[in-house]
Amino acid sequence: MTLSGNQDYVMNWSMTERSPCYVLKAQDIAGIMHALTTAHARGLSVIPHGMGHSYTDAALNTNGVIIDVTGMRRILSWDPEQGIMQVEPGVTLRDMVRVALADRWWPSVTPSTADATIGGCVAMNVNGKNAWKCGSFGEHLLSLTVLLATGQVLTLSPESNPQLFQALVGSAGLLGIITSITLQLQRITSGSVDVLVRSAATLGEIFTIFQQEQSADFLEAWVDGFAGGRYLGRGIVTSTKYSDGCDKELPTIKPRATQSQTSSIPDQFKTGYARCGGKIGPAVKSGVRIANSMTYRWSKWWDRKVIRQRSLFQSTYYPPAAFTSYRTLLPQGTETFQAFVPHSQAEALFKEIMRRSQENKFIPLWCIIKQHRRDPFLLSYQVDGFSLEVNYQVVPQTVQRLHKLLRELMDLVIVEGGRFYLAKDSLLTHTLYRRSVGDAAVEAFLHLKQVYDPEMLFQSNLFRRVFQASL
């Protein structure tokens, strides 16, 4: 394992940043230690990298080293009686579910992509559609083993070294490299869920439905970003519950197949895409507008009293083809903005975000609302309230105006006690982040980093953007 003169270009998930990095692959702890020694000898910083599902620069390290841990993909132990699994950091949620589901266990918290690594889920402390009930991913960890910059390996748990444990979960790989994770899964009796779809004519109705559906196991609202005026914030709330009963046999989850960038695009669309030189961006908004209108009309037709049964796996995770299509249709990428806002401010603030976006001609293509609760971790981004995630198409001619608008919206959110997610908000600055989570949290984190990584070996573009003051 050596560093050649050539660098690889690594891109973030939203395709807004392309970073030249030295990429070293590790298959085990010895490989990680060798990579750290190699980087240190060259005076280069290091950050671990999984499947690359962070929308931001959390796993990018310009002119530094990225340690690819996806080769560390072993399930180290599995207790089907207790639902306790120990895995290496490169194991994906799909890998875990393939083993656990057969024994009637399921991740207590999971994001919407099955191909994120467990190490990445810990590093960014991901959340899911049950965040208001089950909290964040880190709340279901029993222990972690971590390789520090000094080469020391520590085992951390909520009971053993809780301060470092609570700082490391959600620290974006900046305190050490996770080498194993032990987590508690949730017992289920069925591989199916009961799904109830309810339409909402306004944003206010969405919040009312959330209140009415608190007995659900999962809740999520889709919002039509194009609807304005008295229809501002209209959308669909999906309420999901684990199905009763006990399946005789649970479904088998297949490993992910390799897919090309255009594998999910219809042939006639591929032809049109090629004829216009791949410049299909201007057509995306009109297509999404039509799709949004049809989706909302469909939801009103769907009788809310009819509960339909779906596969738990398919209800939880988007198919890989959906992400392939998104990356093909939006070659310039997307800018994601996710505001976590207290209950009392959520409705008014979300209306203002949607209204200002439309006024400035930046129509969000994809908008999602989820409910949350606070978690115990040092760099917690969740609040007792709701989040609104909005995704905007990046157009080079207007991207600077978009960034200006989003920073103005960030300021509004912070004033109301809101926070932001390091895995999704790439425009957070050092000042904005401190105002959001508070000086005390940032100073406590930097103190621990000085203690456990005094030479600042673990760095990323995100670290330099958010935790170091602009020079």
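Asn461 touches Glu17, Ser19, Asp57, Leu60, Asn61 and Thr62, leaving aside residues up to four places away in sequence. The model behind this contact list is predicted. Asn461 belongs to helix α15, which covers residues 461-467. Asn461 is buried, because its relative accessible area is 9%, and the cut-off for buried is under 20%. One of its neighbours deserves a second look. A polar atom of the Asn461 side chain lies 2.9 Å from the backbone nitrogen of Thr62.

How far can the model be trusted? The average pLDDT of the chain is 90. A score of at least 70 is reached by 91% of the residues. Residues 257-280 need care: their pLDDT is below 50. Beyond near neighbours in sequence, that stretch has 25 contacts in the model.

Trp106 sits in strand β7 (residues 105-106). Tyr317 sits in the loop between α9 (312-316) and α10 (320-329). The pair therefore ties together parts that are 211 residues apart in sequence. Trp106 and Tyr317 are both buried.

The pair that involves helix α15 is Tyr433 and Phe467. Here the ring centres are 5.5 Å apart and the planes are at 75°, so the pair is edge-to-face. Tyr433 comes from helix α13 (residues 430-437), and Phe467 from helix α15. They are 34 residues apart, and the pair links distant parts of the chain. Tyr433 and Phe467 are both buried.

The largest nonpolar core has 118 residues. Phe137, Leu144, Phe337, Phe350, Ile353, Ile369 and Phe467 touch the most other members. Helix α12 (residues 399-415) gives this core its largest share, seven residues. Another core lies apart from the largest one. This other core has 17 residues, including Ala26, Ala35, Leu36 and Met72.

Which residues surround Phe350? Not counting residues up to four places away in sequence, Phe350 touches Leu203, Phe207, Ala339, Val341, Ile369, Phe386, Ser387 and Leu388. Two of these contacts also belong with Phe350 in an aromatic cluster: Phe207, Phe210, Phe350 and Phe386 form it together.

Charged side chains meet rings too. Arg18 lies over the face of Tyr9, 4.1 Å from the ring centre. Lys424 lies over the face of Tyr55, at 5.3 Å from the ring centre.

Now turn to the backbone. Most residues other than glycine have a negative phi. Met15 is not a glycine, yet its phi is positive, about 65°. Met15 lies in the loop between β1 (8-11) and β2 (18-25). Is Met15 buried or exposed? Met15 is buried, because its relative accessible area is 12%. Ala172 also has a positive phi, near 60°. Its place is the loop between α5 (162-168) and β10 (177-184). Ala172 is buried as well, with a relative accessible area of 6%.

Helix α2 (residues 93-100) is mostly covered. Six of its eight residues are buried. They are Leu93, Arg94, Asp95, Met96, Val97 and Ala100.

Thr202 gives a contrasting stop. Thr202 lies in the loop between β12 (192-200) and α6 (203-212). Thr202 counts as partly exposed because its relative accessibility is 26%. Leaving aside residues up to four places away in sequence, Thr202 touches Arg230, Leu232, Gly233 and Arg234. How far from Thr202 is Ala58? Their C-alpha atoms are separated by 35 Å, and the two residues are 144 residues apart along the chain.

Terms used
Residues numbered from 1 in each chain as written. Predicted model: local features only at pLDDT ≥ 70, side-chain atom pairs only at ≥ 80, totals over all residues. Heavy atoms only, no water. Helix = DSSP H or I, 4+ residues; strand = E, 2+ residues; numbered from the N terminus. Buried < 20%, exposed > 50% of the residue type's maximum accessible area, 1.4 Å probe, protein only. Polar contact = N/O pair within 3.5 Å; in protein donor to acceptor, adjacent residues only side chain to side chain. Contact = heavy atoms within 4.5 Å. Core = buried A, V, L, I, M, F, W, Y, C linked by side-chain atoms within 4.5 Å. Phe/Tyr/Trp six-rings, centres within 6.5 Å; stacked < 30°, edge-to-face > 60°. Lys NZ or Arg CZ within 6 Å of the ring centre and 35° of its normal. pLDDT = per-residue confidence, 0-100.
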